[in-house]
Amino acid sequence: MIICKHCGKQLHDGARFCTTCGAATDLNRVSAHAESLRLLDEMKAYFNPVQEHYNVLDKLEKKEIPSLKKQHKAGLSWGIIFMLIGVIVLILYIVSMVEQFGEIRMDKIIEDRVDLVVFIIILAIILLGIILFTVNRINETVRKKHLKETEDYADEIRRIILDYYNKSPYVDMIGFEYTDPMTLNAIYSTIQNGMARDIYAAVQMIPRKIR
């Protein structure tokens with residue numbers, strides 16, 4: 001005879017539930033525990049062929065895509081700053097020359113070494129700004145293209161895994177987001193260590209992944 005730990009009712013040997021209060025007996029708990037571990041072993045074996053797909057998808061979603069989403073605006077900002085400074089200084093230089101000679105004298109600029117050096121520096125600043133701005137725009141275009149290609153690749157891998165999952169006998173037992181090898185191992189350890197009685201209870205203890 002066994003005793004119900006919930007209400008104290010005496011039950012016959014082999015009883016999995018109390019006939020009085022309906023509480024599960026230790027026998028049922030042990031059975032559910034062992035069955036959950038057996039099912040998880042089957043799941044791990046079933047999803048093993050697509051393990052590399054999970055690894056690639058995890059790398060894309062956690063490293064490559066977030067990295068590609070970061071915009072690098074330093075080149076753009078400095079390009080605009082240099083162009084503005086160069087244009088402003090050039091305007092002031094031209095205004096000063098017009099006030100002094102009544103017109104823009106290129107011959108004066110060429111003849112005077114100081115004026116020539118100043119003029120070249122001003123043009124170099126503007127040119128540097130244009131280069132920085134242009135390089136940033138080119139890099140940004142390449143980044144967006146690479147990001148789109150990477151996201152499309154991740155979607156294709158996710159579709160392959162999802163199709164594999166939908167054909168499995170475990171669709172009603174566990175959600176797609178919990179079927180990667182690392183999460184299945186975490187669920188297995190949770191049950192094996194007695195922290196959860198079955199798969200459903202163990203899943204509630206695993207942080208939900210967003211795919």
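## A cluster of rings

Let's start with the aromatic side chains: ring pairs join Tyr46, Phe47, Tyr164, Tyr165, Tyr170 and Phe176 into a cluster. Rings of Phe, Tyr and Trp (its six-membered ring) pair if their centres lie within 6.5 Å; planes under 30 degrees apart count as stacked, over 60 as edge-to-face and the rest as tilted. The structure is a predicted model, where local features need pLDDT of at least 70 and side-chain atom pairs count only at pLDDT 80 or more, while totals for chains, interfaces and linings use all residues. Residues are numbered from 1 along each chain as its sequence is written, and side-chain values use heavy atoms, leaving out hydrogens and water.

## Two pairs to look at

By the pairing rule, the count comes to nine aromatic pairs. Take Phe47 and Tyr165: their ring centres are 6.5 Å apart and their planes stand at 25 degrees, so this pair is stacked. Phe47 belongs to helix α1 (residues 26–47) and Tyr165 to helix α5 (residues 113–166), so the pair links distant parts of the chain, 118 residues apart. Phe47 counts as buried at 2% relative accessibility, and Tyr165 counts as buried at 6%. Here, buried means under 20% relative accessible area, exposed over 50%, and partly exposed in between (1.4 Å probe, protein chains only).

Now try Trp78 and Phe82, whose ring centres are 6.0 Å apart with planes at 35 degrees, so the pair is tilted. Both lie in helix α3 (residues 74–101), four residues apart, about one turn of the helix. An α-helix has 3.6 residues a turn, so residues three or four places apart point the same way. Trp78 is partly exposed at 48% relative accessible area, and Phe82 is partly exposed at 24%.

## Around helix α6

Helix α6 (residues 181–192) has twelve residues, which at 1.5 Å a residue should span 16 Å; its end C-alpha atoms are 16 Å apart, which agrees. The expected span is 1.5 Å times one less than the number of residues. Among the buried residues of α6 are Leu184, Ile187 and Tyr188. The charged end of Lys44 sits over the ring of Tyr188, 4.1 Å from its centre (NZ of Lys or CZ of Arg within 6 Å of the ring centre and within 35 degrees of the ring normal). Just after α6, Gly194 takes a positive phi of about 80 degrees.

## The whole chain

The chain has seven helices and two strands, running β-β-α-α-α-α-α-α-α from the N terminus. Helices (H or I, at least four residues) and strands (E, at least two) are DSSP runs, numbered from the N terminus. Of the chain's 211 residues, 30% count as buried.
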